[in-house]
Amino acid sequence: MTYSTKISEILSVKTAGIAGAGGLGSNVAAALVRSGIGKLIIADFDTVSLPNLNRQFYFAAQTGMKKCNALKENLLAINPLARIEVHDCRVTPQNASAIFSECNIVVEAFDSAEEKSWFAEYMTGHFPRIPLVMGSGLAGRGGFERLKIQQADNLYVCGDQESDALPHAALTAPRVIMVAMMQADTVLGILLKEFNYDHHTE
Amino acid sequence: MTITLNNRQENFSGQEMTIAEIMQAKSFHFRMLVVKLNHQLIKREAYATTLVKAGDRLDIIHLVSGG
């Protein structure tokens, strides 16, 4: 059995949650579907708008669509057999458990630091055994050498933890997508741990 | 005292310090943080009263906007 077959086999029975379908969430979702994840559970309340297209995985013809529906469409275009469950709502402390409790791993992909904060506390407190992969510090351009992944127990934080989106820096495709890929790679690393897969293995 | 701060060994002059004092010493001034002391989540209200001792593991994560 080849490594890729074995990886697909492991990932095919895993479920990943994605909280927010903006620059981070939409790109993480695409990478995980390409990798062969068994099921994605995606929650977002927002609508695709033109300014999103500079970094988010949507297309011009989709402006005005709900992000969760547009993303499902795009993910199914990558793999028509992918299992995508979407929740068209804002994630709150009241519904987070119902949406994400069955996940093997959850990706935090919200926009604001306040949302990141309550979600980290909520998930760490209620679901300490579900790994949470967050994004923090991805605005602007350059400074790739400062991007890092910090781990504290089951909490993984990708980004430089410095470059705030507002008011000083814009969100641009290369850096946002790079942090999204760090999150997606971290997800694969965690889900494939049992197989002990890393880049040296192949 | 020596503690493990964000997976690195760090020395501080005090024998016991509160989390707030350590943040001040390190110039951590971001508004949104996740703080774990010996694997336990510490709420913001407790930063000024929670004591860190030699050998403790402290994780301080900065959360900034953008996603």
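A salt bridge is counted here when a side-chain nitrogen of Lys or Arg lies within 4 Å of a carboxyl oxygen of Asp or Glu. By that rule A:Glu121 pairs with B:Lys43, their closest N and O atoms being 3.3 Å apart. The rule finds 3 salt bridges across the interface of chain B and chain A.

The model is predicted: local features need pLDDT of at least 70 and side-chain atom pairs count only at pLDDT 80 or more, while totals for chains, interfaces and linings use all residues. Residues are numbered from 1 along each chain as its sequence is written, chains are lettered from A and ligands numbered from 1 in the order in which they are written, and side-chain values use heavy atoms, with hydrogens and water left out.

**Interface**

Contact (heavy atoms within 4.5 Å) involves 29 residues of chain A and 21 residues of chain B. The buried area, meaning the accessible area (1.4 Å probe) that two parts lose on being put together, summed over both, is about 2,100 Å² for chain B and chain A, with 54% given by carbon and sulfur atoms. On the chain B side, B:Val64, B:Ser65 and B:Gly67 lose the most area to chain A, together 29% of what that side buries.

There are 17 residue pairs in polar contact across the interface of chain B and chain A, both residues being at pLDDT 80 or more. A polar contact is a pair of N or O atoms within 3.5 Å; within protein, one must be able to donate a hydrogen and the other to accept it, and residues adjacent in sequence count only if both atoms are side-chain atoms. Strands S4 (33–37) and S7 of chain B each give two or more residues to the side that touches chain A, and S7(B) gives the most, with 5 residues. Strands (E, at least two residues) are DSSP runs, numbered from the N terminus.

**Pockets**

A pocket is an open set of points on a 1 Å grid over the protein atoms alone, where a 1.4 Å probe fits, with protein on both sides within 12 Å along at least five of seven lines; lining residues have an atom within 4 Å of a point. Grid points are joined across faces, edges and corners, and the volume is the space filled by probe spheres set on the points.

| Largest pocket | about 340 Å³ | 15 residues |

Closest to the centre of the largest pocket are A:Lys148, A:Gln150, B:Asn6, B:Arg8 and B:Phe28. S6(A) gives the largest share of that lining, 3 residues.

Definitions and conventions: Helix = DSSP H or I, 4+ residues; strand = E, 2+ residues; numbered from the N terminus.
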